[in-house]
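Morning, everyone. I have one structure to walk through today, and I will keep it short.

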Amino acid sequence: MKYISTRGGMRPQEFGHILLEGLAPDGGLAVPEHYPQVSGQTLEKWRALSYADLALEILSLYITDVPRHDLARLCQAAYNPSLYSGVQMVPVKPLRDGFSLLGLSQGPTLAFKDMAMQFLGQVFEYQLERTDRTLNILGATSGDTGSAAEYALRGKKRINVFMLSPDGRMSKFQRAQMYTLQDQNIHNLAVRGVFDDCQDIVKHLSGDLAFKQRMRLGAVNSINWARIAAQVVYYFWGWLRVSTEPLQPVSFAVPTGNFGNILAGHIARQMGLPIHRLILATNENNVLDEFFRTGTYQPRRAHQTFATSSPSMDISKASNFERFVFDLVDRDAAQVSQLWRQLDTKGYFDLSALRAQYTERYGFRSGSSTHDDRLRTIKRVYEENDMFIDPHTADGVFVAEQFVESNVPMVVLETALPVKFGETILAATGQEVPIPRHLQQLVDLPQRVQVIDAEPQVVRDYIEAHALL
Ligand SMILES: *Cc1c(COP(=O)(O)O)cnc(C)c1O
């Protein structure tokens, strides 16, 4: 399998080459040259596989430059059931007949990002070892992504992590999750400022190409292809658990921000997985919902992004959307380049002429929810199912309800556990969410964090002093 750029300016490359890169050299995103096909017969054979073995089957279609026995070892390590709480690693939780949640949040940081990040940690370490390189990850987080990255990369050889977070602005639980890590390769820098200050510092330092190269800086952001590939696995897993006959159509509803989560569903569907509808759910930051309803994509600016009660989806510029648009325009890289040039100059593009393509050929539906919708959904599920769901999952449930069809099972991806967002659950239900037993001590453990001023120079000096070269 080789990878090309959505903008056409990269000669075909192996997985190992694109793994550690961010954008392609032409500013586009790496995509596989084709989508491998999985037949109905193969799907039936996969029903009995463990999650790790299923991951191996699917990832080996995309990662052809790692020997199979090595890839098997990486999958076993990333998807070792001991890392995931609960009786099952990735359970299906029925809310009623034909309507279930797919539990993707049993991993170490209680959010679905672990499902991809755990694999990324393994394959990064493997690739660095193989090419005798080191990598210093520089990132900014408002909570979920940073902790998932740290838990995936803690203790890994040849990798250091420098994670900027806004001092005092994450929940007590999120702070405890990140700052209690004692691994020497994890550096938590709490910045006196807000998330945007953290982000600006990262952009500033990564934009200094000489510094970036000298310090071997890298990122683990959501455009990383290995994360997308690893997410494809759980759509297959969900279908295999929910379907009761070969090639049975199943719909998936997906809480989405950067279009990463649902892009993996699109790829699974293109590989032949019988997905009926892919239902995109956004919160008040509904730029993607707007696209699927009207055909116009008009990202908002950072200061126009609403701070909502499903904060991990507070994104107005969906970095992975370009990969979908590449397929939508029949992989015409020149047209993708032209559309993204137009985004820069006019701030929007209009693909309403392709409506039949994305609704019928690719099966997309969409919707968005408000704070009130979210709270009412959390309350209803609590009353009807005696179960707490997190606000992002609630966005998925709320939108999914509008697209239920008889005889088509609906699966909503559960993207975080409710305990991460206890205040919203309390507001919705009047109930405190119990902290899982294995995490009760977390908030009392010693924390390892440096509080610093919001100055790029301070972070630059810190990296100079601590980078792994
Ligand atoms: C990151 C995240 C999402 C959105 O995922 P994308 O890959 O940005 O589409 C949804 N819910 C939670 C809890 C998240 O952390």
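Some ground rules. This is a predicted model, where local features need pLDDT of at least 70 and side-chain atom pairs count only at pLDDT 80 or more, while totals for chains, interfaces and linings use all residues. Residues are numbered from 1 along each chain as its sequence is written, and side-chain values use heavy atoms, with hydrogens and water left out.

Start with the ligand. Around the ligand there are 15 residues, where near means that a heavy atom of the residue lies within 4 Å. Lys113, Asp144, Gly257, Asn258 and Thr415 come nearest. By class, that shell holds 5 nonpolar, 8 polar and 2 charged residues. For the classes, Ala, Val, Leu, Ile, Met, Phe, Trp, Tyr, Cys and Pro are nonpolar; Asp, Glu, Lys and Arg are charged; the others, Gly among them, are polar.

Now the polar contacts, meaning pairs of N or O atoms within 3.5 Å; within protein, one must be able to donate a hydrogen and the other to accept it, and residues adjacent in sequence count only if both atoms are side-chain atoms. A polar backbone atom of Asn258 sits 2.7 Å from a ligand oxygen. For Phe259, a backbone N or O atom is 3.5 Å from an oxygen atom of the ligand. Thr415 uses its side chain: an N or O atom there is 2.9 Å from a ligand nitrogen. How much of the ligand's accessible area does the protein cover? The protein covers 97% of the 390 Å² that the ligand has on its own. Those areas come from the Shrake-Rupley method with a 1.4 Å probe; for residues, only the protein chains shown count as cover.

Next, helix α18, residues 422–429. Helices (H or I, at least four residues) and strands (E, at least two) are DSSP runs, numbered from the N terminus. Which residues of α18 are buried? They are Thr424, Ile425, Ala428 and Thr429. Buried is under 20% relative accessible area, exposed over 50%, partly exposed in between (1.4 Å probe, protein chains only). Seen down the axis of α18, these buried residues fall within an arc of 110°, so they line one face of the helix. The arc is taken from the directions from the helix axis to the C-beta atoms. On the other side of α18, Glu423 and Ala427 are exposed. The buried residues of α18 pack against α16 (371–385) and α17 (391–400), with contact meaning heavy atoms within 4.5 Å. Just after α18, Gly430 has a positive phi of about 75°.

Most residues other than glycine have a negative phi. Arg331, not a glycine, has a positive phi of about 60°. Arg331 lies in the loop between α13 (321–328) and α14 (333–346), and is partly exposed at 26% relative accessibility. Asp386 is also not a glycine, with a positive phi of about 55°. Asp386 lies in the loop between α16 and α17 and is exposed, at 65% relative accessible area.

Last, two buried residues. Thr109 lies in the loop between β4 (99–103) and α5 (113–131). Thr109 has 0% relative accessibility. Beyond four places in sequence, its contacts include Asp114, Tyr151 and Lys420. Leu280 lies in strand β10, residues 275–282. Leu280 is buried, with a relative accessible area of 0%. The C-alpha atoms of Leu280 and Ala253 are 6.1 Å apart, across 27 residues of chain. Beyond four places in sequence, Leu280 touches residues including Phe259, Phe292 and Val399.
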